[in-house]
Amino acid sequence: MREFDYIIIGGGCAGLSLAYELNLHNKLDDKKLAIIEPRIEYVRDKTWSFWKVCSHNFEDCLKKSWNQFNLRLEGAVPTQVNQCQKYPYQTIDSGLFYKKITDNLKKNKNIYFFNKIDGLNIKNSLVFNSVPEFQNQDTHLWQHFCGYEITTKKDCFNDKTIALMDFNCEQKNNLHFFYILPFSKRKALIETTWISKNNDSSLKDYDLQIKSYIKDNFFNPEYEIIYKEEGAIPLFYPSNSNENNKINIGTAGGMTRLSTGYTFLNIQDHSKYIRMNIDKIKNVKRFELSSKYKILDKIFLNVLRKNPEKMPDIFYKIFNRNELKAIKFLSNKSNLIDDLSIILKMPKWIFIKSLFN
Ligand SMILES: Cc1cc2nc3c(=O)[nH]c(=O)nc-3n(C[C@H](O)[C@H](O)[C@H](O)COP(=O)(O)OP(=O)(O)OC[C@H]3O[C@@H](n4cnc5c(N)ncnc54)[C@H](O)[C@@H]3O)c2cc1C
(Lines give C-alpha, C1' and ligand atoms only; values in the text may rest on other atoms or scores of the structure.)
Protein backbone atom coordinates (compact mmCIF):
# COMPACT_ATOMS: atom_id res chain seq x y z
CA MET A 1 0.00 0.00 0.00
CA ARG A 2 1.31 3.45 -0.90
CA GLU A 3 1.27 6.11 1.79
CA PHE A 4 0.52 9.83 1.36
CA ASP A 5 0.12 12.70 3.80
CA TYR A 6 -2.92 13.98 1.93
CA ILE A 7 -5.33 12.33 -0.50
CA ILE A 8 -7.81 14.37 -2.55
CA ILE A 9 -10.65 12.25 -3.95
CA GLY A 10 -11.95 13.93 -7.10
CA GLY A 11 -9.79 16.32 -9.10
CA GLY A 12 -12.62 18.63 -10.16
CA CYS A 13 -13.21 22.22 -9.10
CA ALA A 14 -12.82 21.72 -5.33
CA GLY A 15 -10.06 19.09 -5.45
CA LEU A 16 -7.90 21.06 -7.86
CA SER A 17 -8.59 24.41 -6.15
CA LEU A 18 -7.41 22.94 -2.87
CA ALA A 19 -4.32 21.28 -4.37
CA TYR A 20 -3.41 24.55 -6.13
CA GLU A 21 -3.91 26.62 -2.97
CA LEU A 22 -1.71 24.24 -0.94
CA ASN A 23 0.99 24.14 -3.61
CA LEU A 24 0.95 27.92 -4.12
CA HIS A 25 1.63 28.43 -0.41
CA ASN A 26 4.41 25.81 -0.24
CA LYS A 27 2.37 23.43 1.90
CA LEU A 28 3.39 20.53 -0.34
CA ASP A 29 7.15 21.10 -0.25
CA ASP A 30 7.61 18.39 2.34
CA LYS A 31 4.27 16.56 2.19
CA LYS A 32 3.05 14.01 -0.33
CA LEU A 33 -0.33 14.49 -2.02
CA ALA A 34 -2.29 11.99 -4.14
CA ILE A 35 -5.16 13.20 -6.32
CA ILE A 36 -7.65 10.54 -7.43
CA GLU A 37 -9.45 11.52 -10.61
CA PRO A 38 -11.07 9.03 -13.00
CA ARG A 39 -11.35 11.32 -16.04
CA ILE A 40 -8.76 10.61 -18.70
CA GLU A 41 -8.32 14.15 -19.94
CA TYR A 42 -9.36 17.58 -18.81
CA VAL A 43 -11.48 19.56 -21.27
CA ARG A 44 -13.78 22.52 -20.78
CA ASP A 45 -16.99 21.14 -19.25
CA LYS A 46 -18.33 23.99 -17.12
CA THR A 47 -18.61 27.76 -17.16
CA TRP A 48 -18.27 29.02 -13.60
CA SER A 49 -19.71 32.46 -12.89
CA PHE A 50 -20.09 34.59 -9.78
CA TRP A 51 -20.03 38.14 -8.52
CA LYS A 52 -16.47 38.88 -7.51
CA VAL A 53 -16.98 39.77 -3.87
CA CYS A 54 -13.48 38.65 -2.87
CA SER A 55 -10.15 37.92 -4.51
CA HIS A 56 -9.42 34.49 -6.01
CA ASN A 57 -6.56 32.70 -7.75
CA PHE A 58 -8.09 32.54 -11.22
CA GLU A 59 -8.23 36.04 -12.74
CA ASP A 60 -6.11 34.66 -15.60
CA CYS A 61 -8.79 32.06 -16.40
CA LEU A 62 -11.55 34.61 -16.93
CA LYS A 63 -13.57 34.44 -20.09
CA LYS A 64 -15.19 37.79 -19.39
CA SER A 65 -16.30 40.18 -16.66
CA TRP A 66 -19.42 42.42 -16.76
CA ASN A 67 -20.63 45.44 -14.80
CA GLN A 68 -24.32 45.10 -15.60
CA PHE A 69 -26.99 42.44 -15.46
CA ASN A 70 -30.72 42.39 -16.07
CA LEU A 71 -33.82 40.45 -15.16
CA ARG A 72 -36.96 40.17 -17.27
CA LEU A 73 -40.39 39.13 -16.06
CA GLU A 74 -42.76 37.02 -18.12
CA GLY A 75 -44.29 39.02 -20.92
CA ALA A 76 -42.40 42.18 -19.99
CA VAL A 77 -40.57 44.12 -22.66
CA PRO A 78 -38.58 46.49 -20.46
CA THR A 79 -36.13 44.78 -18.18
CA GLN A 80 -34.66 45.70 -14.86
CA VAL A 81 -31.02 46.70 -15.40
CA ASN A 82 -28.71 46.40 -12.39
CA GLN A 83 -25.22 47.81 -11.96
CA CYS A 84 -22.45 45.75 -10.38
CA GLN A 85 -19.20 47.69 -10.96
CA LYS A 86 -18.27 47.14 -7.33
CA TYR A 87 -18.70 43.37 -7.60
CA PRO A 88 -18.30 42.53 -11.31
CA TYR A 89 -19.91 39.36 -12.59
CA GLN A 90 -17.06 37.10 -13.70
CA THR A 91 -17.02 33.96 -15.80
CA ILE A 92 -14.26 31.38 -15.64
CA ASP A 93 -13.51 28.98 -18.46
CA SER A 94 -13.06 25.57 -16.80
CA GLY A 95 -10.68 24.51 -19.62
CA LEU A 96 -8.25 27.30 -18.71
CA PHE A 97 -8.70 26.54 -15.00
CA TYR A 98 -7.86 22.83 -15.44
CA LYS A 99 -4.83 23.63 -17.59
CA LYS A 100 -3.43 26.29 -15.26
CA ILE A 101 -3.72 24.01 -12.24
CA THR A 102 -2.54 20.73 -13.77
CA ASP A 103 0.47 22.49 -15.37
CA ASN A 104 1.34 23.94 -11.98
CA LEU A 105 0.87 20.72 -9.98
CA LYS A 106 2.90 18.60 -12.40
CA LYS A 107 6.00 20.63 -11.49
CA ASN A 108 5.90 19.40 -7.88
CA LYS A 109 7.34 15.89 -7.54
CA ASN A 110 5.38 15.42 -4.28
CA ILE A 111 2.06 15.47 -6.15
CA TYR A 112 0.78 12.26 -7.79
CA PHE A 113 -2.29 11.66 -9.95
CA PHE A 114 -4.14 8.31 -9.91
CA ASN A 115 -7.29 7.12 -11.68
CA LYS A 116 -8.37 4.89 -8.80
CA ILE A 117 -7.91 4.79 -5.07
CA ASP A 118 -6.92 1.09 -5.12
CA GLY A 119 -3.48 0.50 -3.68
CA LEU A 120 -3.43 3.70 -1.56
CA ASN A 121 -3.52 3.55 2.19
CA ILE A 122 -6.26 5.99 3.16
CA LYS A 123 -6.22 5.13 6.86
CA ASN A 124 -3.03 7.05 7.63
CA SER A 125 -3.74 10.03 5.37
CA LEU A 126 -5.78 13.16 5.70
CA VAL A 127 -8.49 12.69 3.06
CA PHE A 128 -10.32 15.49 1.25
CA ASN A 129 -13.35 14.06 -0.50
CA SER A 130 -15.23 15.82 -3.30
CA VAL A 131 -17.44 12.96 -4.48
CA PRO A 132 -20.99 13.63 -3.26
CA GLU A 133 -23.35 10.91 -2.06
CA PHE A 134 -27.07 11.40 -2.60
CA GLN A 135 -30.13 9.78 -1.07
CA ASN A 136 -33.76 10.34 -2.20
CA GLN A 137 -32.55 12.25 -5.23
CA ASP A 138 -36.01 12.41 -6.83
CA THR A 139 -37.80 14.17 -3.99
CA HIS A 140 -35.39 17.10 -3.72
CA LEU A 141 -35.07 20.25 -5.80
CA TRP A 142 -32.32 20.57 -8.38
CA GLN A 143 -31.15 23.41 -10.56
CA HIS A 144 -30.83 21.67 -13.92
CA PHE A 145 -29.79 23.35 -17.12
CA CYS A 146 -28.34 23.12 -20.57
CA GLY A 147 -26.48 25.82 -22.46
CA TYR A 148 -25.27 26.43 -25.99
CA GLU A 149 -22.38 28.73 -26.71
CA ILE A 150 -23.18 30.09 -30.16
CA THR A 151 -21.63 32.41 -32.69
CA THR A 152 -23.94 34.36 -34.98
CA LYS A 153 -23.36 35.85 -38.43
CA LYS A 154 -24.85 39.23 -37.42
CA ASP A 155 -24.69 41.28 -34.23
CA CYS A 156 -27.31 39.83 -31.84
CA PHE A 157 -26.22 40.41 -28.25
CA ASN A 158 -25.77 43.34 -25.92
CA ASP A 159 -22.25 42.42 -24.83
CA LYS A 160 -22.28 44.86 -21.90
CA THR A 161 -25.12 43.22 -19.97
CA ILE A 162 -25.73 39.67 -18.91
CA ALA A 163 -29.29 38.35 -18.74
CA LEU A 164 -29.22 36.85 -15.27
CA MET A 165 -32.79 35.63 -15.35
CA ASP A 166 -35.19 35.94 -18.24
CA PHE A 167 -38.49 34.54 -17.00
CA ASN A 168 -40.25 35.25 -20.27
CA CYS A 169 -40.65 31.55 -21.05
CA GLU A 170 -42.92 28.61 -20.25
CA GLN A 171 -42.89 27.77 -16.52
CA LYS A 172 -44.83 24.43 -16.45
CA ASN A 173 -45.60 24.85 -12.70
CA ASN A 174 -41.89 25.04 -11.87
CA LEU A 175 -39.35 27.85 -12.02
CA HIS A 176 -37.80 28.35 -15.43
CA PHE A 177 -35.57 31.07 -16.84
CA PHE A 178 -32.99 31.71 -19.53
CA TYR A 179 -29.49 32.91 -18.63
CA ILE A 180 -27.31 34.65 -21.22
CA LEU A 181 -23.62 35.43 -20.98
CA PRO A 182 -22.82 37.65 -23.98
CA PHE A 183 -19.09 37.30 -24.69
CA SER A 184 -19.34 39.64 -27.69
CA LYS A 185 -22.05 41.01 -29.97
CA ARG A 186 -21.85 37.75 -31.94
CA LYS A 187 -21.00 35.18 -29.29
CA ALA A 188 -22.96 34.13 -26.20
CA LEU A 189 -23.70 31.24 -23.88
CA ILE A 190 -27.49 30.78 -23.70
CA GLU A 191 -28.77 28.47 -20.99
CA THR A 192 -32.21 27.15 -20.21
CA THR A 193 -32.43 26.67 -16.43
CA TRP A 194 -35.08 24.92 -14.35
CA ILE A 195 -35.53 24.62 -10.62
CA SER A 196 -37.61 21.52 -10.07
CA LYS A 197 -37.45 17.92 -8.96
CA ASN A 198 -35.13 16.04 -11.24
CA ASN A 199 -37.54 13.33 -12.36
CA ASP A 200 -39.74 15.21 -14.82
CA SER A 201 -38.51 14.39 -18.31
CA SER A 202 -41.01 16.82 -19.87
CA LEU A 203 -38.78 19.70 -18.71
CA LYS A 204 -35.69 18.25 -20.32
CA ASP A 205 -36.23 18.86 -24.02
CA TYR A 206 -33.48 21.43 -23.56
CA ASP A 207 -32.37 21.54 -27.21
CA LEU A 208 -35.85 22.46 -28.35
CA GLN A 209 -36.17 25.09 -25.60
CA ILE A 210 -32.88 26.80 -26.50
CA LYS A 211 -33.48 26.70 -30.22
CA SER A 212 -36.93 28.27 -29.97
CA TYR A 213 -35.66 30.87 -27.47
CA ILE A 214 -32.92 31.93 -29.88
CA LYS A 215 -35.37 32.04 -32.77
CA ASP A 216 -37.97 34.09 -30.89
CA ASN A 217 -35.65 36.48 -29.08
CA PHE A 218 -32.95 37.18 -31.66
CA PHE A 219 -34.96 37.26 -34.92
CA ASN A 220 -34.15 33.74 -36.04
CA PRO A 221 -30.43 34.33 -36.62
CA GLU A 222 -28.02 32.06 -38.47
CA TYR A 223 -25.74 30.55 -35.85
CA GLU A 224 -23.21 27.85 -35.07
CA ILE A 225 -23.05 25.92 -31.77
CA ILE A 226 -19.42 25.91 -30.63
CA TYR A 227 -19.83 24.43 -27.15
CA LYS A 228 -22.57 22.72 -25.16
CA GLU A 229 -22.83 22.31 -21.41
CA GLU A 230 -25.39 20.42 -19.37
CA GLY A 231 -25.61 19.82 -15.64
CA ALA A 232 -27.61 19.68 -12.45
CA ILE A 233 -26.76 21.28 -9.13
CA PRO A 234 -28.38 19.73 -6.04
CA LEU A 235 -30.33 22.31 -4.00
CA PHE A 236 -29.95 20.13 -0.90
CA TYR A 237 -26.94 18.93 1.03
CA PRO A 238 -25.40 15.59 0.06
CA SER A 239 -25.35 12.87 2.70
CA ASN A 240 -21.55 12.50 2.96
CA SER A 241 -20.54 11.74 6.53
CA ASN A 242 -17.76 13.58 8.33
CA GLU A 243 -15.06 11.35 9.74
CA ASN A 244 -11.98 12.11 11.76
CA ASN A 245 -9.46 11.84 8.95
CA LYS A 246 -11.86 12.91 6.17
CA ILE A 247 -13.01 16.40 5.20
CA ASN A 248 -15.67 16.80 2.52
CA ILE A 249 -15.07 19.61 0.08
CA GLY A 250 -16.93 21.18 -2.85
CA THR A 251 -20.52 20.08 -3.45
CA ALA A 252 -19.92 17.09 -1.17
CA GLY A 253 -18.79 19.50 1.56
CA GLY A 254 -21.96 21.62 1.44
CA MET A 255 -20.37 24.56 -0.41
CA THR A 256 -23.43 25.26 -2.57
CA ARG A 257 -25.77 28.14 -1.73
CA LEU A 258 -29.09 26.35 -1.96
CA SER A 259 -31.07 29.39 -3.08
CA THR A 260 -28.87 29.96 -6.14
CA GLY A 261 -26.53 27.03 -6.85
CA TYR A 262 -23.49 29.33 -6.56
CA THR A 263 -20.58 27.23 -5.29
CA PHE A 264 -17.35 28.34 -6.97
CA LEU A 265 -16.30 31.16 -4.62
CA ASN A 266 -17.31 29.17 -1.54
CA ILE A 267 -14.96 26.44 -2.74
CA GLN A 268 -12.18 29.04 -2.96
CA ASP A 269 -12.91 30.30 0.58
CA HIS A 270 -12.90 26.72 1.88
CA SER A 271 -9.57 25.99 0.16
CA LYS A 272 -8.00 29.06 1.79
CA TYR A 273 -9.34 28.02 5.18
CA ILE A 274 -7.89 24.52 4.86
CA ARG A 275 -4.53 25.88 3.66
CA MET A 276 -4.32 28.32 6.60
CA ASN A 277 -5.15 25.60 9.12
CA ILE A 278 -3.64 22.55 7.46
CA ASP A 279 -1.22 21.77 10.30
CA LYS A 280 -4.00 21.75 12.92
CA ILE A 281 -7.00 20.99 10.74
CA LYS A 282 -8.38 18.22 12.95
CA ASN A 283 -8.55 20.63 15.89
CA VAL A 284 -10.20 23.59 14.22
CA LYS A 285 -13.89 24.13 13.56
CA ARG A 286 -15.13 22.64 10.28
CA PHE A 287 -15.67 25.26 7.59
CA GLU A 288 -19.35 25.72 6.85
CA LEU A 289 -21.57 28.30 5.20
CA SER A 290 -23.02 30.54 7.88
CA SER A 291 -26.15 29.09 9.49
CA LYS A 292 -28.12 32.28 8.77
CA TYR A 293 -27.83 31.57 5.02
CA LYS A 294 -28.72 27.91 5.54
CA ILE A 295 -31.89 28.84 7.43
CA LEU A 296 -32.92 31.61 5.02
CA ASP A 297 -32.23 29.42 1.97
CA LYS A 298 -34.32 26.62 3.45
CA ILE A 299 -37.26 28.99 3.92
CA PHE A 300 -36.72 30.39 0.43
CA LEU A 301 -36.77 26.89 -1.11
CA ASN A 302 -39.93 26.03 0.84
CA VAL A 303 -41.59 29.07 -0.69
CA LEU A 304 -40.29 28.07 -4.12
CA ARG A 305 -41.56 24.51 -3.78
CA LYS A 306 -45.08 25.66 -2.86
CA ASN A 307 -45.36 28.84 -4.94
CA PRO A 308 -43.12 28.54 -8.01
CA GLU A 309 -45.35 31.01 -9.87
CA LYS A 310 -44.47 33.74 -7.33
CA MET A 311 -40.71 33.35 -7.69
CA PRO A 312 -39.99 35.52 -10.76
CA ASP A 313 -41.58 38.45 -8.98
CA ILE A 314 -39.69 37.68 -5.76
CA PHE A 315 -36.32 37.55 -7.57
CA TYR A 316 -37.22 40.77 -9.39
CA LYS A 317 -37.98 42.51 -6.09
CA ILE A 318 -34.84 41.23 -4.37
CA PHE A 319 -32.67 42.98 -6.98
CA ASN A 320 -34.84 46.01 -7.73
CA ARG A 321 -32.91 49.17 -6.65
CA ASN A 322 -31.12 46.93 -4.16
CA GLU A 323 -28.53 45.15 -6.29
CA LEU A 324 -25.42 45.56 -4.12
CA LYS A 325 -27.16 44.32 -0.99
CA ALA A 326 -28.68 41.44 -2.97
CA ILE A 327 -25.29 40.48 -4.42
CA LYS A 328 -23.69 40.50 -0.97
CA PHE A 329 -26.56 38.42 0.41
CA LEU A 330 -26.38 35.83 -2.38
CA SER A 331 -22.57 35.69 -2.09
CA ASN A 332 -22.54 35.19 1.71
CA LYS A 333 -21.03 38.60 2.44
CA SER A 334 -24.05 40.45 3.78
CA ASN A 335 -24.38 42.23 7.11
CA LEU A 336 -27.54 42.54 9.18
CA ILE A 337 -28.70 45.66 7.33
CA ASP A 338 -28.27 43.91 3.96
CA ASP A 339 -30.16 40.86 5.26
CA LEU A 340 -33.03 42.99 6.51
CA SER A 341 -33.27 44.84 3.21
CA ILE A 342 -33.73 41.47 1.46
CA ILE A 343 -36.12 40.02 4.03
CA LEU A 344 -38.32 43.15 3.94
CA LYS A 345 -38.77 42.73 0.20
CA MET A 346 -40.27 39.27 0.58
CA PRO A 347 -44.05 38.77 0.53
CA LYS A 348 -44.51 38.42 4.29
CA TRP A 349 -47.49 36.10 4.50
CA ILE A 350 -46.07 33.48 2.10
CA PHE A 351 -42.79 33.40 4.00
CA ILE A 352 -44.45 33.24 7.42
CA LYS A 353 -46.63 30.32 6.24
CA SER A 354 -43.61 28.46 4.89
CA LEU A 355 -41.86 28.81 8.28
CA PHE A 356 -44.47 26.49 9.74
CA ASN A 357 -44.20 23.85 7.02
C1 LIG B 1 -22.37 22.46 -15.64
C2 LIG B 1 -22.24 23.16 -14.31
C3 LIG B 1 -22.09 24.54 -14.27
C4 LIG B 1 -21.94 25.20 -13.04
N5 LIG B 1 -21.83 26.56 -13.02
C6 LIG B 1 -21.62 27.18 -11.84
C7 LIG B 1 -21.46 28.60 -11.80
O8 LIG B 1 -21.60 29.27 -12.82
N9 LIG B 1 -21.16 29.18 -10.61
C10 LIG B 1 -21.04 28.47 -9.46
O11 LIG B 1 -20.73 29.05 -8.41
N12 LIG B 1 -21.24 27.13 -9.46
C13 LIG B 1 -21.54 26.48 -10.62
N14 LIG B 1 -21.71 25.12 -10.63
C15 LIG B 1 -21.72 24.41 -9.32
C16 LIG B 1 -20.30 24.04 -8.86
O17 LIG B 1 -19.47 25.17 -8.85
C18 LIG B 1 -19.68 22.98 -9.70
O19 LIG B 1 -20.48 21.83 -9.71
C20 LIG B 1 -18.28 22.58 -9.24
O21 LIG B 1 -17.70 21.85 -10.27
C22 LIG B 1 -18.32 21.77 -7.95
O23 LIG B 1 -17.02 21.34 -7.67
P24 LIG B 1 -16.75 19.90 -7.05
O25 LIG B 1 -15.29 19.75 -6.98
O26 LIG B 1 -17.57 19.73 -5.83
O27 LIG B 1 -17.34 18.88 -8.11
P28 LIG B 1 -16.70 18.53 -9.53
O29 LIG B 1 -16.10 19.71 -10.15
O30 LIG B 1 -17.77 17.81 -10.27
O31 LIG B 1 -15.53 17.52 -9.16
C32 LIG B 1 -15.75 16.22 -8.69
C33 LIG B 1 -14.69 15.33 -9.35
O34 LIG B 1 -14.80 14.02 -8.80
C35 LIG B 1 -14.51 13.08 -9.85
N36 LIG B 1 -15.09 11.80 -9.45
C37 LIG B 1 -16.33 11.32 -9.67
N38 LIG B 1 -16.45 10.09 -9.11
C39 LIG B 1 -15.26 9.80 -8.53
C40 LIG B 1 -14.78 8.69 -7.76
N41 LIG B 1 -15.56 7.63 -7.50
N42 LIG B 1 -13.51 8.73 -7.29
C43 LIG B 1 -12.72 9.81 -7.53
N44 LIG B 1 -13.14 10.90 -8.24
C45 LIG B 1 -14.39 10.88 -8.73
C46 LIG B 1 -15.19 13.71 -11.07
O47 LIG B 1 -14.62 13.21 -12.27
C48 LIG B 1 -14.88 15.20 -10.84
O49 LIG B 1 -13.70 15.60 -11.51
C50 LIG B 1 -21.93 24.44 -11.83
C51 LIG B 1 -22.13 23.07 -11.90
C52 LIG B 1 -22.30 22.43 -13.11
C53 LIG B 1 -22.54 20.94 -13.11
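**Entry 1. Asparagine 173**

I began with asparagine 173, which counts as exposed because it has 10 C-beta neighbours inside 10 Å. For burial I used these cut-offs: a residue is buried if 20 or more other C-beta atoms lie within 10 Å of its own, exposed if 12 or fewer, and partly exposed in between, with C-beta atoms placed from the backbone. Asparagine 173 lies in the loop between β11 (161–166) and β12. Helices (H or I, at least four residues) and strands (E, at least two) are DSSP runs, numbered from the N terminus. Although asparagine 173 is not a glycine, its phi is positive, about 60 degrees. Most residues other than glycine have a negative phi.

I noted that this is a predicted model, in which local features need pLDDT of at least 70 and side-chain atom pairs count only at pLDDT 80 or more, while totals for chains, interfaces and linings use all residues. Residues are numbered from 1 along each chain as its sequence is written.

**Entry 2. Other asparagines with positive phi**

I next looked up asparagine 220, found in the loop between α3 (206–217) and β14 (223–234). Its phi is near 50 degrees, a positive value in a residue other than glycine. Asparagine 220 counts as exposed because it has 9 C-beta neighbours inside 10 Å.

**Entry 3. Tyrosine 179 and its strand**

Where does tyrosine 179 lie? I found tyrosine 179 in strand β12 (residues 175–184). Tyrosine 179 counts as partly exposed because it has 18 C-beta neighbours inside 10 Å. Leaving out residues up to four places away in sequence, I list Ala163, Leu164, Met165, Glu191 and Thr193 as the residues that tyrosine 179 touches. Contact here requires that the C-beta atoms of two residues, placed from the backbone, lie within 7 Å. I also checked leucine 71, which is 108 residues from tyrosine 179 along the chain; their C-alpha atoms are separated by 9.4 Å.

**Entry 4. Strand β13 and its partners**

β12 and β13 form a hairpin with two residues between them. Nine bridges join these antiparallel strands, β12 and β13. Two strands pair if DSSP finds at least two bridges between them. Leucine 175 has isoleucine 195 in β13 as its bridge partner.

I then followed β13 to strand β10 (residues 141–152), with which it pairs in the antiparallel sense over 11 bridges. Here the bridge partner of cysteine 146 is threonine 192 in β13. Is strand β13 (residues 187–197) enclosed or open? Nine of its 11 residues are buried, so β13 is largely enclosed by the rest of the structure.

**Entry 5. Helix α1**

Helix α1 (residues 13–24) has 12 residues and reaches 16 Å from its first C-alpha to its last, close to the 16 Å expected at 1.5 Å a residue. The expected span is 1.5 Å times one less than the number of residues in the helix. Of the 12 residues of α1, 11 are buried, so the helix is largely enclosed by the rest of the structure. Among the buried residues I list Cys13, Leu16, Tyr20, Glu21 and Asn23. The buried residues of α1 pack against β1 (6–9), β2 (33–36), α2 (94–106), β8 (111–114), β9 (126–129) and α4.

**Entry 6. A sheet of three strands**

I found an open sheet of three strands in the order β3-β7-β4, with antiparallel pairing. β3 and β4 (62–66) stand at the edges with a single partner strand each, so one side of each is left without a neighbour in the sheet. From one strand to the next, the twist averages 15 degrees. β4 and strand β7 (residues 89–93) pair over four bridges; the bridge partner of serine 65 is glutamine 90 in β7. α2 packs on the sheet, touching β3 and β7, and its direction makes about 60 degrees with that of β7. For such angles, axes are lines fitted to C-alpha atoms, for helices over the stretch in contact, and angles run from 0 to 180 degrees between N-to-C directions.

**Entry 7. Domains**

The protein is divided into domain 1 (6–65 + 94–133 + 238–283), domain 2 (138–234) and domain 3 (291–355); these bounds come from an automatic or database domain assignment. Taken over C-alpha atoms, the centres of domain 1 and domain 3 are separated by 30 Å. I noted 10 residues of domain 1 in contact with 10 residues of domain 3. On the side of domain 1 that touches domain 3, the elements giving two or more residues are β3 (47–51) and α4 (264–277).
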